[in-house]
Amino acid sequence: MKFAVATDDGKTLRFGHFGDAKRYMIYEYKDGEFVFLTERENPYTDEKLGIEKHDDARKAGLIKDLLQDVDVFVGHSMGRQNRERLRKQGKKMVPLLKKNITIEEALKLSLSKIENP
């Protein structure tokens with residue numbers, strides 16, 4: 001199972017909308033542990049696309065394509081419509097409403113939320 005963690009600094013979970021993270025850290029959960037696979041820059045932030053409202057379907061589609069191989073999206077928040085789009089595709093969004101959480105902590109918390117909904 002692959003996880004994408006929204007981050008701006010590569011160390012902590014981004015506090016804010018998933019789609020406006022500067023980058024996504026991609027991990028695979030395999031044999032009881034998380035293995036780092038890659039880092040993907042987000043070229044589709046609101047600022048870069050000139051978008052002034054959240055829940056933009058075009059932006060959501062671009063990010064979905066960027067993260068097409070990912071099963072679980074880990075972030076602070078995501079618009080309701082975008083969460084529903086992911087759910088319909090068999091993917092999950094795990095919102096973590098904590099500030100200053102490390103990527104490692106975010107991965108462990110998201111896994112526990114998936115295993116114990």
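The model is predicted. The protein chain holds four helices and five strands. Its radius of gyration is 13 Å, close to the 13 Å from the globule rule for 117 residues, so the chain is as compact as a globular protein of that length.

**Overall fold**

- Read from the N terminus, the elements of the protein chain run β-β-β-α-α-β-α-β-α.
- Along the principal axes, the C-alpha atoms fill a box of roughly 40 × 30 × 25 Å.
- Of the 117 residues in the protein chain, 41% are buried.
- Take the contacts between residues at least 6 apart in sequence: 47% of them join residues at least 24 apart.

**Strands β4 and β5**

- Strand β4 covers residues 72-75 and strand β5 covers residues 92-95.
- The two strands run parallel and are joined by four bridges.
- Val-72 stands opposite Lys-92 in β5.
- Between β4 and β5 the chain passes through helix α3, residues 80-88. This β-α-β crossover is right-handed.

**Aromatic pairs**

- A pair of aromatic rings is described by the distance of the centres and the angle of the planes.
- The count for this model is five aromatic pairs, with ring centres within 6.5 Å.
- One of them is Phe-3 with Phe-34, an edge-to-face pair at 5.1 Å centre to centre and 85° between the planes.
- Phe-3 lies in strand β1 (residues 2-7) and Phe-34 in strand β3 (residues 33-41), so this pair ties together parts that are 31 residues apart in sequence.
- Phe-3 has 0% relative accessibility, so it counts as buried under the 20% cut-off.
- Phe-34 has a relative accessible area of 22% and is partly exposed.
- Tyr-27 and Phe-36 also form an edge-to-face pair, with 5.4 Å centre to centre and 65° between the planes.
- In that pair, Tyr-27 is buried at 10% relative accessible area, whereas Phe-36 is partly exposed at 42% relative accessibility.

**Cluster and charge contact**

- Phe-3 and Phe-34 belong to one aromatic cluster together with Tyr-29.
- Elsewhere, Lys-99 places its charged end over the ring of Phe-15. The distance to the ring centre is 4.8 Å.

Terms used. Residues numbered from 1 in each chain as written. Predicted model: local features only at pLDDT ≥ 70, side-chain atom pairs only at ≥ 80, totals over all residues. Heavy atoms only, no water. Pairing = 2+ DSSP bridges. Right-handed = clockwise from strand over helix to strand, strands pointing away. Phe/Tyr/Trp six-rings, centres within 6.5 Å; stacked < 30°, edge-to-face > 60°. Buried < 20%, exposed > 50% of the residue type's maximum accessible area, 1.4 Å probe, protein only. Lys NZ or Arg CZ within 6 Å of the ring centre and 35° of its normal. Rg over C-alpha atoms; globule rule 2.2 N^0.38 Å. Contact = heavy atoms within 4.5 Å.
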